[in-house]
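Me: I have a chain open here and want to talk through its fold. Can we start with the sheet?

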Amino acid sequence: MDKPNPRRATQTPDVVTEVPVDALLAADSPRTVQVDEGHAQALAQSDRTLPPLLVHRPTMRIIDGTHRLRAAVLRGQDTVGVTYFDGSAEDAFVLSVEANISHGLPLTPAERTAAALRILRSHPDWSDRGIARRTGLVGKTVGALRRREVPGPAPPGRVGQDGRVRPADPVRGRETAARLLAGRPTASLRQIAREAGIAPSTVRDVRRRIGAGADPVPATQRRSDSSPAPAPPPVSARVRGQPLPALVSSLCKDPLLRLSDAGRLLLRMLDLQVSGLRQWERIVAAIPPYRVETAAAAAAQCARDWQELSEELRRRASAQTPA
């Protein structure tokens, strides 16, 4: 996987070499107009010593310094000082964009957008923010460009500005962290973050949400779906045939349910149902005749409420099942 900052790994800026000007090839630049003669003339007429050019050694193509090369020619120089970059041509283009963003004539918005698109295609595993920083755009602009112009399956992870690989889908990262927290509730935030591929601060938020009985994934990160709710899927045969005590016992073994307040509340409610079933005749016999209808209505309402909960859970299961 390419490193997010190729300059750090393969450029040696302290070594300056004099090379003939006619040995250098034109830059693979993000600019639509390669040379601004006015700017080159101004550099040639200045009294200061110009910095060395940055050159891609395998191709001898200029990465940064086209106007300085033109100024050297205007000064009548036969050679010019250069430093070399030994990485790939794709990384050389990234360096060219970074250099043009940081100094010299500014790139136009169209040139920055075109550069971002090219980097998206050559480095699809780089994060939107990382590409935005290198091209002078904002992350949302790069994200929209990725969705519109770079079709195809997204890579499983993206390299952030800190060099770490994180899931391209933040929902997947949070859900992975939730499962890990359920299985190892005493694990440190850093341990969970390392295995889930997300930041420790995100793991902390997942843990907080689970403790509050909320979805570990914020609603804004869930895919919006304005279509009508799908019909609840049928209950699987594996679950349908089991008696209530066995189903509740299985749920009680789930650490994620035991980890949250809402999960523990559900387990207590279900346990009361199991206890009630075992004393059904005793409960019926204890109800006074003048309260039978009221008790029956309350039981019927509880049954409807439980049915609504069941259907909502089945809809959620259907929405989370891959098509």
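This is a predicted model: local features need pLDDT of at least 70, side-chain atom pairs count only at pLDDT 80 or more; totals for chains, interfaces and linings use all residues.

Me: Fine. How many bridges join β2 to β4, and do they run parallel or antiparallel?
Reply: β2 and β4 run parallel and are joined by four bridges. V55 stands opposite Y84 in β4.

Me: And β1 to β4, parallel or antiparallel?
Reply: Antiparallel, with four bridges joining β1 to β4, which covers residues 79-85. The bridge partner of V19 in β4 is V80, and that of P20 is T79.

Me: What's the strand order of the open sheet, then?
Reply: The order is β1-β4-β2-β3, four strands with mixed pairing. β1 (17-20) and β3 (61-64) are at the edges with a single partner strand each, so one side of each has no neighbour in the sheet. Direction ignored, neighbouring strands are turned by 55° against each other on average.

Me: Which helix packs on it, touching β2, β3 and β4?
Reply: Helix α3, residues 66-74, packs on the sheet and touches β2 (53-56), β3 and β4. The direction of α3 makes about 115° with that of β3. α4 also lies across β2, β3 and β4, and runs at about 40° to β3.

Me: Why call β4 largely enclosed?
Reply: Six of the seven residues of β4 are buried, so the rest of the structure largely encloses this strand. Buried here means under 20% relative accessible area.

Me: Switching to the largest nonpolar core. Which residues touch the most other members?
Reply: I119, I131 and V142, out of 14 residues in that core. At least two residues each come from α4 (89-102), α5 (109-122), α6 (128-135) and α7 (139-149).

Me: Which helix gives the most to this core?
Reply: α5, with five residues. The core also draws at least three residues from each of domain 1 (11-105) and domain 2 (107-168).

Me: What does V142 touch, leaving out residues up to four places away in sequence?
Reply: V142 touches L120, D128, I131, A132 and L137.

Me: Next, P216. Where is it?
Reply: P216 sits in the loop between α10 (200-211) and α11 (237-240).

Me: Is P216 buried or exposed?
Reply: P216 has 14% relative accessibility, so it counts as buried. The cut-off for that is under 20%.

Me: And what does P216 touch?
Reply: Not counting residues up to four places away in sequence, P216 touches R174, A178, V206, R209 and I210. P216 and D205 are eleven residues apart in sequence, and their C-alpha atoms are 7.7 Å apart.

Me: Now α14. How many residues does it have, and what does it reach from first C-alpha to last?
Reply: α14 has 18 residues, 261-278, and reaches 26 Å, close to the 26 Å expected at 1.5 Å a residue.

Me: Which residues in α14 are buried?
Reply: G263, L267, L270, V274 and G276 are buried in α14.

Me: Last, the chain overall. How many helices and strands?
Reply: The protein chain has 16 helices and six strands. Of its 323 residues, 33% are buried. Among contacts with a separation of 6 or more, 70% are between residues 24 or more positions apart.

Note on methods: Residues are numbered from 1 along each chain as its sequence is written. Side-chain values use heavy atoms; hydrogens and water are left out. A nonpolar core is a set of buried Ala, Val, Leu, Ile, Met, Phe, Trp, Tyr and Cys residues joined through side-chain atoms within 4.5 Å. Buried means under 20% relative accessible area, exposed over 50%, partly exposed in between (1.4 Å probe, protein chains only). Domain bounds come from an automatic or database domain assignment. Contact means heavy atoms within 4.5 Å. Two strands pair if DSSP finds at least two bridges between them. Axes are lines fitted to C-alpha atoms, for helices over the stretch in contact, and angles run from 0 to 180 degrees between N-to-C directions. The expected span of a helix is 1.5 Å times one less than its number of residues.
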